[in-house]
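Please keep the sequence and the model open beside the text while reading.

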Amino acid sequence: MFHNIPFIAVIVLIAIGLYGVLFKRNLIKIVMGINIIGSGVNLFLIELGYREGGVAPIFTSAPKLEMVLPTPQALTLTSIVINIAVVALMLSLATLIYKHYGSIDSEERRLKG
Amino acid sequence: MTLIEHAPILLIAIPLLAAFLTPIVGRVNSLLRNFEMIIALVSTEFLTILLSYDVIRNGIRTYTLGAKIPGLTSPAGFPVRIILEVDAMNAFISLIASSITLIVAIYCLNFMKEQRILDKFYTLLLLLLTGMLGLTLTGDFFNLFVFLEILSVSSAALIAFYVQRGEALEAAFKYMVISSVGALMVLFAIGLLYGQYDLLNMAAIADSIQGSFLDKVALTLLISAFLLKAGSVPVHMWKPDAYGEAPAPVSVLLLTSALISLYVLFRIFTIFAINPVLLGWILAILGILSIFLGVSMALIQNNLQRLIAYSGIAEIGYIILGVGSGLVEFPSPTGFGFTAISGGLFHILNDTLDLGLLFLIAGAIFYLTGKRDLNIGGLAHSQPTLAVFFLIGMGAVSGLPPFNGFASKLMIYESVYYLNPLLAIIGILGSILMLAIFVKVFSAIFLGIPYDRELRKIPGSMLAVMGILALSIIFIGLFPNLVLESIITPATKALINPKNYIEAIL
């Protein structure tokens, strides 16, 4: 039970994020929702490679051979970077939308977001 | 030969390098920048032709990143590196992607002349091409995710190209929300698969997949995410906004990228092949719904690009109807299943050409009149060539005999009829309605009293690329067998024999 907690946290994070994306009307909150889903997925990837008591997977002068799996960490790094780019782009779009309409409510315009 | 050995990675590297070279060169001289971009695109096109020719003749080609010998995939029967894998199927798709991008770039040279931030526009165009080619050629799941994000980020920026228009910004935001949630679901599914098999290579996972509950969850997530990117019926809502608000040539590229996500979808279907009969039926029914919804929504549109976008949803419906009903016969599609799948794949090519031509015509009309709606009238008097092109595109998109749309739609109808006559009948009705819609559009834009205001001339290069598309529509319509035998049949064989794809890696 105890070592399932991270996976439960993943589910909870993704659910919160999806709730934000689907039901919130504020564009910034939608972006936050996407970022939270991203964190949930990243946590999931890290958790896949975790090994209890493992050290960082660097062989040179490693204290012991129990290491965490390096591949998910590489994947997570890449996905964090991508997520930052996506969130930055979306926030800049939200800024431009605010400049154009004077509001960031998604219900007030022609296209329903 | 070394060039052909390294062709898969060069196809990704050349546009990527050129993309970031473009703003630097653009600082020096804009003519030089155009020259550099066209050189990059032409060399990509040349490499895809070379690669497709080689792959169709000599079989699957793999490229392992970082290996001493590019063809060496798995030193110990366990692929660890990123592997690009090209068979006849993805060679066909990459050929479509690079040719369409070349055509669009030539079109843009004059279409976009008045815009100021062209450097960035071309950078994004080339990045979009990188994303499309990478998505097509890669054999690695995580790489797939990365290219998917490159694709969505660059296309979102391109949709928002007319920054001064609020609707364009909203369309881009909407597209970005939907595609990034989709991409994160893809990543989650990749995590699920990786957690079970410790593998990221698509072929290797397909070899060892068990069909457990978690696999099914992962596959459902993957399939729904790629259906979302392709824009079939339950998740089509971003499409008309994005296609309608983007500059017209960008809409052509968005359409191509939707077709590429369809390719990824079919690839995932066939190599994993868990419960293909059920999935085939689901796809066929989604296809029928897309056709129905696409044409009925196109009927009431008043904006030309949105209208073409809705008919694009219907065309995607025809593709997934064809391939879906072929998958019903999956483990060994020989009779109607083979015709259905090759009809669907053939329709991918025809769809790009037809809708591409129509979008470019919509762009030309916007260039001439500055209007996006249908209330123009009388353009045929001053622009007879444009009217002829529109008639060709209209005939092709609604599947009239001398054009290419007829050839592929006939294959889809006759094979789907064996599966269930009702599906074929709805498909034919959809085509007829499509014709009615486009006849209405034709009369609204081109017929009637001559357009009163003084018009600009359409630059020769724009007319030339539309002419190329129109000519290839007529050529494929007159000689469908030529294309079928040389490209489509090898592609279909590659798609329905996933064993070859898997064994090339292991």
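How many residue pairs are in polar contact between chain B and chain A, if both residues must be at pLDDT 80 or more?

1. The model is predicted, and every point below should be read with that in mind. Between chain B and chain A the count is 4 residue pairs in polar contact, with both residues at pLDDT 80 or more, while the count of salt bridges between these two chains is 0.

2. The C-alpha trace of chain B spans about 75 × 60 × 40 Å along its principal axes. Is the radius of gyration of chain B in agreement or in disagreement with that of a compact globule? A compact globule of 506 residues would have a radius of gyration near 23 Å, and chain B has 22 Å, so the two agree.

3. Two further values describe how chain B is packed. Of its 506 residues, 66% count as buried. Among the contacts in chain B with a separation of 6 or more, 81% are between residues 24 or more positions apart.

4. Salt bridges deserve a separate look, and the structure holds 7 of them over all chains. In one of these, the side chains of B:Asp119 and B:Arg33 meet at 2.5 Å, taken from N to O. This pair links distant parts of the chain, because B:Asp119 is in helix α5 (residues 118-137) of chain B and B:Arg33 is in helix α3 (residues 30-58) of chain B, 86 residues apart. B:Arg33 has 6% relative accessibility and therefore counts as buried, the cut-off being under 20% relative accessible area.

5. A salt bridge also joins the side chains of B:Arg267 and B:Asp87, at 2.8 Å from N to O. Why does this pair tie together parts that are 180 residues apart in sequence? The reason is that B:Arg267 lies in helix α11 (residues 248-272) of chain B, whereas B:Asp87 lies in the loop between β2 (83-86) and α4 (88-111) of chain B. Both partners are buried, B:Arg267 with a relative accessible area of 1% and B:Asp87 with a relative accessible area of 3%.

6. Two more cases complete this part of the note. The side chains of B:Arg61 and B:Asp54 meet in a salt bridge at 2.7 Å from N to O, and B:Arg61 and B:Asp54 are both buried. Finally, B:Lys174, B:Asp241 and B:Arg306 are linked in a network of salt bridges.

Terms used: Residues numbered from 1 in each chain as written. Chains lettered and ligands numbered in written order. Predicted model: local features only at pLDDT ≥ 70, side-chain atom pairs only at ≥ 80, totals over all residues. Heavy atoms only, no water. Salt bridge = Lys/Arg side-chain N within 4 Å of Asp/Glu carboxyl O. Polar contact = N/O pair within 3.5 Å; in protein donor to acceptor, adjacent residues only side chain to side chain. Rg over C-alpha atoms; globule rule 2.2 N^0.38 Å. Buried < 20%, exposed > 50% of the residue type's maximum accessible area, 1.4 Å probe, protein only. Contact = heavy atoms within 4.5 Å. Helix = DSSP H or I, 4+ residues; strand = E, 2+ residues; numbered from the N terminus.
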